[in-house]
Amino acid sequence: MLCLTMAKPPISTPLPFPQGKTLPELIQPLDARIASVCDFIRDVKPHILQPDSVVPISDPYGPSIVDPEMRCIVVSEETKRGGDAVNKNRQEKGLCVLDIHEIPLVEDIKHAAHEEAKISSSSQRMRLLGTLLKEPVKKGLSDTPYVIGLTGGIASGKSAVCKRLEGQGAAVIDCDKLGHKAYLPGTQGFRRVVAEFGQDVVGSDGSINRRALGAKVFQDRSRLDRLNQIIWLEIASMAWEELRALGAGGCLVCVLDAAVLLEAGWDEFCHEVWSCIIHQDEALKRILDRDRLPEEKARQRIESQLSNQERVDRSNVVLCTFWEPEVTQKQVEKAWAGLLGRLPTGEGEPKHPKL
């Protein structure tokens, strides 16, 4: 009997990425991986494909240490010790020792400096960065400008990517700056915040006292949500006006730079969503180095935001700033070249999305 197994990814360390699989968010779902193996078997030796030929496993061994009918196990140079461990377990259970067939690793002659020298799934995932992972959904938006919603978690390198996109020719709307404007005296945002949270959030200088406001909302999730609703609506209104002005001025591509793009629903403004992701360990290191925060607070900031997987699942393009700056630049250039190849040519009055 030949039993092909497909397990959850084991822990490994493909340097220089932090411990764990490289870009695990881009690993294919298990069902898709099993389907690929089945397709391969049908192509090369279809008669061996039986209902139990491909088995998902969730531990290091799967059926290899309990199936008495197995006679052989195929390993690579890197997993030879795993084959030995299988046989040790089988001997302890009174099962026959499996023949171990070792296959050599194949060199990837086209690998980049930050990729593995062998042909590997890790390198394949790295090469997905900056490519179109999911076709954009048509939303009835104006073709001019074509809006890229750029988001990412804390210390993900989003701002650096935004500057690189600006260098490629994109206009940028910084939603963080619009957020500061939403609190200014005389604005609708200012009036709505005061009406909702009281006159005592106004400081002696007539502006919103952020400390006083924070004391009212950060210990009460419902009040924080209410504040976000007020401010996010104001930011959306200002961003929409800027988009209209940019379109009228002939701007072709605009980047809506927003950490809370998905949480606030601003992706409805956007033709595509691009996300910057970074491994949590690297994000923590960057925060500690940059902001000098206690580690506990830094971890709280990371854990309070959307996960990388949540961002990837809702993104058309994914970028990662873990490696050297020139690697990030190549990702951006790849993403930009792909974007230019799919820009629409139609025109028309923008249709305001439902906020």
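**Entry 1: ground rules**

I start with burial: buried means under 20% relative accessible area, exposed means over 50%, and partly exposed is in between, with a 1.4 Å probe and protein chains only. This is a predicted model, where local features need pLDDT of at least 70 and side-chain atom pairs count only at pLDDT 80 or more, while totals for chains, interfaces and linings use all residues. Residues are numbered from 1 along each chain as its sequence is written, and side-chain values use heavy atoms, with hydrogens and water left out.

**Entry 2: two tryptophans**

I looked up aromatic pairs next. Rings of Phe, Tyr and Trp (its six-membered ring) pair if their centres lie within 6.5 Å; planes under 30 degrees apart are stacked, over 60 edge-to-face, and the rest tilted. My search of the whole structure gave 3 aromatic pairs. One of them is Trp-232 with Trp-266: the centres are 6.4 Å apart and the planes stand at 70 degrees, so I call this pair edge-to-face. Where do Trp-232 and Trp-266 sit in the chain? Trp-232 is in helix α8, and Trp-266 is in the loop between α9 (261-264) and β8, so the pair links distant parts of the chain, 34 residues apart. (Helices are DSSP runs of H or I with at least four residues, strands are E runs with at least two, and both are numbered from the N terminus.) Trp-232 is partly exposed at 22% relative accessibility, whereas Trp-266 is buried at 4%.

I also noted Phe-322 and Trp-323. Their ring centres are 5.6 Å apart with planes at 90 degrees, so this pair is edge-to-face too. Phe-322 is buried with a relative accessible area of 15%, and Trp-323 is buried at 8%.

**Entry 3: a charge over a ring**

What sits over the ring of Tyr-183? I found the charged end of Arg-210 there, 3.9 Å from the ring centre. To count, NZ of Lys or CZ of Arg must be within 6 Å of the ring centre and within 35 degrees of the ring normal.

**Entry 4: salt bridges**

Side chains of opposite charge can pair when their charged atoms come close. I count a salt bridge when a side-chain nitrogen of Lys or Arg is within 4 Å of a carboxyl oxygen of Asp or Glu. How many salt bridges are there in the whole structure? The search finds 16.

- Arg-42 pairs with Asp-39, with the closest N and O atoms 2.9 Å apart. The two are 3 residues apart in helix α1 (residues 30-44), so about one helical turn separates them. Arg-42 is partly exposed at 46%, and Asp-39 is partly exposed at 42%.
- Lys-80 meets Asp-84 at 3.1 Å, N to O. They are 4 residues apart in helix α2 (residues 80-92), again about one helical turn.
- Arg-192 meets Glu-234 at 3.5 Å, N to O. This pair links distant parts of the chain: Arg-192 is in helix α6 (residues 188-197) and Glu-234 in helix α8 (residues 221-248), 42 residues apart. Arg-192 is partly exposed at 25%, but Glu-234 is buried at 11%.

I also saw that Asp-108, Glu-115 and Arg-127 are joined into one network by salt bridges that share partners.

**Entry 5: the sheet**

Two strands pair if DSSP finds at least two bridges between them. I traced an open sheet of 5 strands with parallel pairing, in the order β6-β7-β5-β8-β9. Which strands stand at the edges? They are β6 (171-174) and β9 (317-320); each has a single partner strand, so one side of each lacks a neighbour in the sheet. Neighbouring strands are turned by 25 degrees against each other on average, direction ignored.

Then I zoomed in on β5 (residues 146-152). Is this strand mostly covered or uncovered? It is mostly covered, with 7 of its 7 residues buried. In a regular strand the side chains alternate between the two faces of the sheet. Here Tyr-146, Ile-148, Leu-150 and Gly-152 are buried on one side, and Val-147, Gly-149 and Thr-151 are buried on the other.

β5 pairs in the parallel sense with β7 (residues 253-257) over 5 bridges, and Tyr-146 has Val-253 as its bridge partner there. β5 also pairs in the parallel sense with β8 (residues 272-277) over 5 bridges, where Gly-149 stands opposite Val-273. β6 and β7 run parallel, joined by 4 bridges, and Ile-173 stands opposite Leu-256 in β7.

**Entry 6: helices on the sheet**

α8 packs on the sheet, touching β5, β6 and β7, and its direction makes about 165 degrees with that of β6. Contact here means heavy atoms within 4.5 Å. Helix α13 (residues 325-342) lies across β5, β7, β8 and β9 and runs at about 165 degrees to β9. For the angles, axes are lines fitted to C-alpha atoms (for helices, over the stretch in contact), and values run from 0 to 180 degrees between N-to-C directions.
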